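Thanks for coming, everyone. Please have a look at the chain on the screen before I start.

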Amino acid sequence: MHNNFKSGFIAIIGRPNVGKSTFMNHVIGEKIAIMSDKAQTTRNKIQGVYTDEQKQIVFIDTPGIHKPKHKLGDFMVKIAEDTLNEVDAIMFMINADEGYGMGDQYIMDRLESIKKPVFLVINKIDLVHPDQLLPLIDQYKDKYPFKEIIPISALEGNNVNHLMDVFTEHLPEGPQYYPDDQITDHPERFIISELIREKVLQLTREEVPHSVAVVIDGIDNRGEDEKVLVQATIVIERKSQKGIIIGKQGQMLKEIGKRARQDIERLLGSKVYLELWVKVQENWRNKPHQLSEFGFNQDEY
């Protein structure tokens, strides 16, 4: 191992849709953070682990720090704030195209009490004229004492290497926490459930809001040359949503299954047989026992 090997944990925060998942996937090179243009799709601390000869950076994607609207929201905000106190640095990402917004102010107010270096990363610079960047940088400079402000395009890969170098400078020397080939510490079942959930959100658009959870009922290997059997239940809050997810003659559910299966096969590196069910659990987001059943276990944090 390298003499001055550096390692540490960096939390990624920012309003929805600023490109956090795109950044993670660019750096790690795997589809581990789900992509959706809807808010709050990341509910758990998905970690991407980046390792090379000199360093290991463990990225923690905190669930949105936003004003909670229900118990699940309270729980997500609490996880986010707890996480920020445990990391080595915080990467606060904003979208160059949208500029400053009240959501950013809310986050900066939360950061006041946290004694960790915060790097402001301005993403999506490919969408704005360079002349628009300087006023934006000045505006944020006045609002919070950021350690550094770095403009990037996660999609195009612009300046991402420089950002990684900056992080490395600020990380402490330390051990390698994860093996070289590990890219995430989430059990496969969590990523599989997120991949299925992503397809539901992408395909149903406005008709099915975030009141959808995916529970993995089982993952079974069927012999060496056989497919992996994945059984999952899509849980929704209202009966009216069930018809939308199943679709005419089951077409929608079939399409969700097809797209999810392709991603799961890439993740597992083997052929997959995916069985999906749809179940209605009214108002599940406000029932603590349901939250823990769907993997949002308050005791863990």
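I will go from the overall picture to a few helices, then to rings and single residues.

First, the ground rules. This is a predicted model, so residues are numbered from 1 along each chain as its sequence is written, while local features need pLDDT of at least 70, side-chain atom pairs count only at pLDDT 80 or more, and totals for chains, interfaces and linings use all residues. Side-chain values use heavy atoms, with hydrogens and water left out.

Now the overview. The protein chain has 9 helices and 9 strands. Those are DSSP runs, numbered from the N terminus: helices are H or I with at least four residues, strands are E with at least two. Of the 301 residues, 51% count as buried. Buried means under 20% relative accessible area, exposed means over 50%, and partly exposed is in between, using a 1.4 Å probe and protein chains only. Next, contacts, meaning heavy atoms within 4.5 Å. Among contacts between residues at least 6 apart in sequence, 71% join residues at least 24 apart.

Let's move to helix α8. It covers residues 251-268, 18 residues in total. From first C-alpha to last it reaches 25 Å, close to the 26 Å expected at 1.5 Å a residue. That expected span is 1.5 Å times one less than the number of residues. Which residues of α8 are buried? They are Leu 253, Ile 256, Gly 257, Ala 260, Asp 263, Ile 264 and Glu 265. What do they pack against? The partners are α6 (188-204), β8 (228-236), α7 (239-246) and β9 (272-280). Just after α8 comes Gly 269, with a positive phi of about 70°.

Stay with Glu 265 for a moment. Glu 265 sits in helix α8. Its relative accessible area is 15%, so Glu 265 is buried. Setting aside residues up to four places away in sequence, Glu 265 touches Ser 270, Lys 271 and Val 272.

Take α6 first. Its 17 residues should span 24 Å at 1.5 Å a residue, and its end C-alpha atoms are 25 Å apart, which agrees. Of those 17 residues, 14 are buried, so α6 is largely enclosed by the rest of the structure. After α6 comes Arg 205, whose phi is positive, near 50°.

Then α7. How do we describe two packed helices? We use the angle between their axes and the distance between the axes. Axes here are lines fitted to C-alpha atoms, for helices over the stretch in contact, and angles run from 0 to 180 degrees between N-to-C directions. The axes of α7 and α8 come within 5 Å and cross at roughly 65°. The two helices are therefore roughly perpendicular to each other. For the labels, under 35 degrees is roughly parallel, over 145 roughly antiparallel, 65 to 115 roughly perpendicular, and the rest oblique. At this meeting point, Ile 244, Ile 245 and Ile 246 of α7 face Gln 251, Met 252, Leu 253 and Ile 256 of α8.

Lys 242 is also in helix α7. At 33% relative accessibility, Lys 242 counts as partly exposed. Beyond its neighbours within four places in sequence, Lys 242 contacts Ile 236, Val 278 and Val 280. Lys 242 and Val 280 are 38 residues apart along the chain, yet their C-alpha atoms are separated by 7.2 Å.

Here is another helix pair. The axes of α1 (residues 20-28) and α5 come within 11 Å and cross at roughly 85°. In α1, Phe 23, His 26 and Val 27 meet Val 160, Leu 163 and Met 164 of α5.

On to the rings. Rings of Phe, Tyr and Trp (its six-membered ring) pair if their centres lie within 6.5 Å; planes under 30 degrees apart are stacked, over 60 edge-to-face, and the rest tilted. By this rule there are 6 aromatic pairs. In one of them, Phe 119 and Phe 167 have ring centres 5.4 Å apart and planes at 80°, so the pair is edge-to-face. Phe 119 lies in strand β5 (residues 118-123) and Phe 167 in helix α5 (residues 160-170), so the pair ties together parts 48 residues apart in sequence. Phe 119 is buried, at 0%, and Phe 167 is buried too, at 1%. Ring pairs link Phe 23, Phe 59, Phe 119 and Phe 167 into a cluster.

That's my tour, thank you.
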